[in-house]
Structure formats: C-alpha cells, structure tokens
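Hi,

Here is the structure I promised to pass on.

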Amino acid sequence: INMDPFEILAGTKQVMVDQRVDALESCCKSLACCCFDRTNKYDIILPEGVRFQAQEHSGKCDRCCCNPNHELTLNIRTYDGHKLGEEDILFIHRPFKCCCPAICPCFRKEATIRRKDDDKVAGFVKQPWFGGCLIPALTIFEKDGGNQLGEVKGPCCCIGGLCSSNFKVENRTGNELANIKHLGMSGNGVARSLLTDADRYQIDFKTGDESIDMKLSIIASTLLLDYMFFEGETECLCNCCICPPYCSFKLCDWYLCGTTCPCRVNLCVPEEVKAARDAARV
C-alpha cells in the first residue's frame, strides 16, 4: 500500500473485522479446557479490498490464568492478503482488569490507541462507572483524561450467544456515528459459531466523514468488545472431565454493571443420566 494507511480510512463507510479461527484452541475450549488460549489475529477489511491485520502480543501465563481479561497489545500492520507490511502502524494496548463489576478503577476495562508514526495517542476507550448498569457501554476520549468524543452502547441486559448484537456509537449530543454489529450465527455459520470463539463484526459509519482518529477509536472499541464479551469459552461446551459427561449450549450472557453471567442449556444433565443408569442396574 503506497498511500498513507490512515488516509485509507477517510471516506470509508464500512469496515469488517474478522477474527481468524485457531483450530487447536477451538478444539481444546470445546472440550472445556478454557485455560488453553493462544494469541488472537484479526483481519480488518475495507470495501476497497484494503486490509490491515491485528496481531495480539501477550504473555502465556497471563492468557492461561486471566483470559480473557489479561494484559495485551494489538499490533496492526497493512496486509495485502499474502504479505504483511514491514512495520506496525498502530498499537492498541489493554491493561489487565478484573472481571468484577465496574465499581472500582481496577475493574473498569480500557484501551489506549497509539499511532506509530509520531507516537500520537489517537484515542482512549474506557468503561464508565458501573459499566452502563443494564446496558453495556464504553466511553471514547481523545486521550486518557481528555475530552469525551462519544459513547458505545449495546443491547439491554442480554448480549452474545448465537444471535447478533448491535452496539451503537453516539457523539456527545446523542447523534449516531456508527453501528457495530456482532454477526453471530448469521454471519459466522453454525459450525464456527458453536465450536469456536472466532467472531465477525461489521462496522457501518453513518456518514463516512468521521475523523480518522474517531474511526480508529471505533475499530479499537470493536476489538475491546470482542475480548470483553465474546472471548473465553465456546458457545458449545462438552465437558468430558466428569462422569457422566455432558454438553451445554450458551444462549446468551446476562449483563449487569460491567460483568456477565452466561445463560446455558444442558442437553445431557449428569444427574438424570446417573439416575437412569442406577435404575437400569436395579
């Protein structure tokens, strides 16, 4: 890509974010080995065919013990479909934050977006106090401690699972700037949705005239949302480590004050299987 990669975003009205599938990680997580986690890769695709690739850099112990809340940095380069650019052009850093409700500074998720060319802070994204209560929310600032530029708001109470989820991005006056759509089963397909935690997102900018830094902050917010709500375990979970084994499907996540609680349906309840076996022996 010969032109300034940041200028490519100018005038763009749609961006796709496609997380790459890691077959080994997906297999382990489907078998309830959720502590096995590898670094994520994302393709950021513009309609013109221009691509960027985001590569996670994080510690193995952090991922094993703290996934998906571990500290990480996403390094972003240009990508032509075959070869990466020679240098990173953007960094998104997320510090470790506990998975508790967002009632203390150490619980509020955040991310800093920094350009490579002049080490400029392009944006800062952080959970508000209490995480928006019943509505998952992120606040976009020009920098840490700077002016607020906008806010990301998700669906009330229920998010994730196999269905699509929409997150609206609004400016300070409440006007909609963009819509972030987690595509769910309709965009990922049945197998990918059930057996992996690799997700796809569609970002639609309302006018396409938003500033480059604002668009970079919205893309960073999308990646932060992925780690907050759509990473960790797969939707289909087969626990073979207990006797008798069972499978469960996650319908959605209940959201409250910055934390989530999964709503799952067990297809093979251990107590019922055990009772049936005991009855058969009699």
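**Cavities, pocket and the rest**

The structure holds three cavities of 30 Å³ or more. By cavity I mean, on a 1 Å grid over the protein atoms alone, a set of points where a 1.4 Å probe fits but cannot get out. Grid points are joined across faces, edges and corners, and a volume is the space filled by probe spheres set on the points.

Before the details, the ground rules: this is a predicted model, where local features need pLDDT of at least 70 and side-chain atom pairs count only at pLDDT 80 or more, while totals for chains, interfaces and linings use all residues. Residues are numbered from 1 along each chain as its sequence is written, and side-chain values use heavy atoms, with hydrogens and water left out.

The second largest cavity has about 80 Å³ of space. Its lining (residues with an atom within 4 Å of a point) includes Phe6, Phe52, Leu90 and Ile219. By class that lining has ten nonpolar residues, no polar and no charged. Here Ala, Val, Leu, Ile, Met, Phe, Trp, Tyr, Cys and Pro count as nonpolar, Asp, Glu, Lys and Arg as charged, and the others, Gly among them, as polar.

Then there is the largest pocket, at about 430 Å³. A pocket is an open set of points with protein on both sides within 12 Å along at least five of seven lines. This one is lined by 20 residues, and Pro68, Asn69, Met228, Glu231 and Thr260 lie nearest its centre. Strand β16 gives the most to it, with three residues.

Overall, the protein has six helices and 16 strands; these are DSSP runs numbered from the N terminus, helices being H or I with at least four residues and strands E with at least two. Of its 282 residues, 47% count as buried (under 20% relative accessible area with a 1.4 Å probe, protein chains only; exposed is over 50%, partly exposed in between).

The largest nonpolar core has 47 residues, and Val15, Val169, Ile180 and Ile218 have the most contacts inside it. Helix α5 (residues 212-229) is the top contributor to this core, with twelve residues. Such a core is a set of buried Ala, Val, Leu, Ile, Met, Phe, Trp, Tyr and Cys residues joined through side-chain atoms within 4.5 Å. Beyond four places in sequence, the residues touched by Val169 include Ile140, Met214 and Ile218 (contact means heavy atoms within 4.5 Å).

Strand β13 (residues 200-205) is worth a look too. β13 runs antiparallel to β1 (residues 14-19), with five bridges, and Met16 is the bridge partner of Gln202. Five bridges also join β13 to β12 (residues 176-182), again antiparallel, with His182 opposite Tyr201. Strands pair if DSSP finds at least two bridges between them.

Ser165 sits in strand β11 (residues 165-171) and counts as buried because its relative accessibility is 3%. Leu72, in strand β4 (residues 72-79), counts as buried at 4%. Leu72 and Ala111 are 39 residues apart along the chain, with their C-alpha atoms separated by 9.6 Å.

Cheers
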